[in-house]
Amino acid sequence: MVEIPEEQHAQALRRVAAAAELRDRAEALVARLTQRVERASVEAAQVGTNRSRIREVAGVSPRTMYGWFADAGLEIRPKRPAKKPRT
């Protein structure tokens, strides 16, 4: 049996919709898990855990981690000026 183009199109669009739904659920899960990592990182900093170690274990950039800390009201020392390159 040969499918007509409209059936092929409908089938293809159903696959696109299913893939998009799966992607949306995955993105929502990632957002929830990132919030858990953020809360745990802030709690670790509040009890005095080394911040470099927190960042390493959390697998986030310094900018992300210190953004979380700033949002939580934790003290953050000013960034040091860049070192001058040796000539």
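## How α1 and α2 run

Helices α1 and α2 are roughly antiparallel to each other, because their axes cross at roughly 160 degrees and anything over 145 degrees counts as roughly antiparallel. Keep in mind that this is a predicted model. Helix α1 covers residues 5–46 and helix α2 covers residues 51–58, and their axes come within 10 Å. The crossing of these two helices is right-handed.

So who touches whom here? On the α1 side you'll find Val37, Ser41, Ala44 and Ala45, and they meet Arg51, Ile54 and Ala58 of α2. Sort the residues of this contact by type and you get 5 nonpolar, 1 polar and 1 charged.

## A closer look at α1

Helix α1 has 42 residues, so at 1.5 Å a residue it should span 62 Å; the C-alpha atoms at its ends are 61 Å apart, which agrees.

Some of α1 is tucked away: Ser41, Val42, Ala44 and Ala45 are buried. The cover over the buried residues of α1 includes α2 and α3. After α1 comes Gly48, with a positive phi near 95 degrees.

## Where α2 meets α3

Now for the other pairing. Helices α2 and α3 pack at an angle of about 115 degrees, and their axes lie 10 Å apart. This crossing is right-handed. From α2, the contact uses Arg51, Ile54 and Arg55, while α3 brings Pro62, Met65, Tyr66 and Phe69. By type, the residues of this contact split into 5 nonpolar and 2 charged, with no polar ones.

Terms used
Residues are numbered from 1 along each chain as its sequence is written. This is a predicted model: local features need pLDDT of at least 70, side-chain atom pairs count only at pLDDT 80 or more; totals for chains, interfaces and linings use all residues. Side-chain values use heavy atoms; hydrogens and water are left out. Axes are lines fitted to C-alpha atoms, for helices over the stretch in contact, and angles run from 0 to 180 degrees between N-to-C directions. Helices (H or I, at least four residues) and strands (E, at least two) are DSSP runs, numbered from the N terminus. Angles under 35 degrees count as roughly parallel, over 145 as roughly antiparallel, 65 to 115 as roughly perpendicular and the rest as oblique. A crossing is left-handed if the near helix is turned anticlockwise from the far one by less than a right angle, and right-handed if clockwise. Contact means heavy atoms within 4.5 Å. Ala, Val, Leu, Ile, Met, Phe, Trp, Tyr, Cys and Pro count as nonpolar, Asp, Glu, Lys and Arg as charged, and the others, Gly among them, as polar. The expected span of a helix is 1.5 Å times one less than its number of residues. Buried means under 20% relative accessible area, exposed over 50%, partly exposed in between (1.4 Å probe, protein chains only).
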